[in-house]
Amino acid sequence: MAKQRLYIQEVATRDGFQNEAVYVETEDKIALVNALSECGYAKIEVTSFTSPKAIPALKDAEAVMHQIRRKEGVVYTVLVPNIRGAERALSCKVDEVNLVMSVSESHNRRNLRMTREQSFAQLAEVVKVVRQSPVAVNVSLSTAMGCPMEGEVPVAEVLDWTARFADLGVHGVTLCDTTGMAYPSQVGELSRLARARFPALELTLHFHNTRGLALANTLAALAAGIDRFDSSLGGLGGCPYAPGASGNVCTEELVHMLELEGYDTGVDLDGILAAAARLPGLIGHEVPSQILKAGRRLDLHPMPEGGADMPEQRAFAGAAA
């Protein structure tokens, strides 16, 4: 039986790097994106066309987009906040633009300094501009599974905001667990309802591992018919405007689990592990990735010299069980 094909979308070079105190040099960003392009991703979120004053870590967006080596079959997407950002992105011949707003009013005001209706009006203008080109439009809905200031976010609100953007003709919508508040049964319900209501939309789930549930939530989404997931190399990233939001689900941990479960991710695990090993040198600190530290499940180790022949080892042979 053929394995089910899944689609993994890398966000570290945007979502991860924008949160780092150390500036990653342009040539290093380009080299990393080029390496990731060879790893079998469906999509790579390369950078953000936000004001360089707002996010200085990504002030080189044009330079990066113009100089990366693009691989056929990989979608190169970028975040844009407004029409000016969209115009900059379109000048770089991106494949897709990603727009962002929050489902909860409090987080939208904190993150974007606008009401939700103001955000929608602004993004609707961006959609209108971009749809005059061949570039696709994706909308990421933050706090779709919980808001750190408001608590529960009604499923009906998530679906209503998704519908409003679908009516504008966007290509895809990403439902984001911005602060890791999601849990499996909640994810399953939302995913089933969204998949049934919007069969034509490219639906993506974006999980954070803030409370250690990202992989469990991924399995729940898979069972509900979702086949496309964001993830971040090394587990980098988080939301700077959401209290308690730690990193995104780690790409290599996600791919490792999905391969063990018999799915075809299309991603070269050896390749992304090699890419993840570059990160500490680029950002100046260790990354959350457990697979990078421990290795894959069947990365075996030699028997220690002497093995179990030593009397004291035989005495404790069963203690580790």
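**Strands and the helices around them**

Modeller: Strand β1 (residues 7–10) pairs with β8 in the parallel sense, over four bridges, where pairing requires that DSSP finds at least two bridges between two strands. Helices (H or I, at least four residues) and strands (E, at least two) are DSSP runs, numbered from the N terminus. This is a predicted model, in which local features need pLDDT of at least 70 and side-chain atom pairs count only at pLDDT 80 or more, while totals for chains, interfaces and linings use all residues. Residues are numbered from 1 along each chain as its sequence is written, and side-chain values use heavy atoms, with hydrogens and water left out.

Another group of pairings involves β4. Strand β3 (residues 75–79) pairs with β4 in the parallel sense over three bridges, and there valine 78 has valine 97 of β4 as its bridge partner. β4 is also joined to β5 by seven bridges, with the two strands running parallel, and methionine 101 has leucine 141 of β5 as its bridge partner.

Next come the helices. Two packed helices are described by the angle between their axes and the distance between the axes. Helix α4 (residues 83–91) packs against α6 at an angle of about 25 degrees, with the axes 9 Å apart; the axes are lines fitted to C-alpha atoms, for helices over the stretch in contact, and angles run from 0 to 180 degrees between N-to-C directions. α4 and α6 are therefore roughly parallel to each other, given that angles under 35 degrees count as roughly parallel, over 145 as roughly antiparallel, 65 to 115 as roughly perpendicular and the rest as oblique. α4 passes α6 in a right-handed crossing, a crossing being right-handed if the near helix is turned clockwise from the far one by less than a right angle, and left-handed if anticlockwise.

Ile83, Ala86 and Leu90 of α4 meet Glu125, Val126, Val129 and Val130 of α6, contact meaning heavy atoms within 4.5 Å. The residues of this contact divide into six nonpolar, no polar and one charged, where Ala, Val, Leu, Ile, Met, Phe, Trp, Tyr, Cys and Pro count as nonpolar, Asp, Glu, Lys and Arg as charged, and the others, Gly among them, as polar.

The axes of helix α6 (residues 116–130) and helix α7 (residues 155–167) come within 11 Å and cross at roughly 25 degrees, which makes α6 roughly parallel to α7. α6 passes α7 in a right-handed crossing, and the contact is made by Arg116, Glu117, Phe120 and Leu123 of α6 with Glu157, Trp161, Arg164 and Phe165 of α7. By class, these residues are four nonpolar, no polar and four charged.

Finally, the loops. Most residues other than glycine have a negative phi, and most peptide bonds are trans. Lysine 93, in the loop between α4 and β4, has a positive phi of about 55 degrees although it is not a glycine, and this lysine is exposed, with a relative accessible area of 64%. Threonine 143, in the loop between β5 and α7, has a positive phi near 50 degrees, but at 0% relative accessibility threonine 143 counts as buried. Proline 148 lies in the loop between β5 (136–142) and α7 and is partly exposed, at 31% relative accessible area. The C-alpha atoms of proline 148 and threonine 179 are separated by 7.1 Å, although the two are 31 residues apart along the chain.

Methods. Buried means under 20% relative accessible area, exposed over 50%, partly exposed in between (1.4 Å probe, protein chains only).
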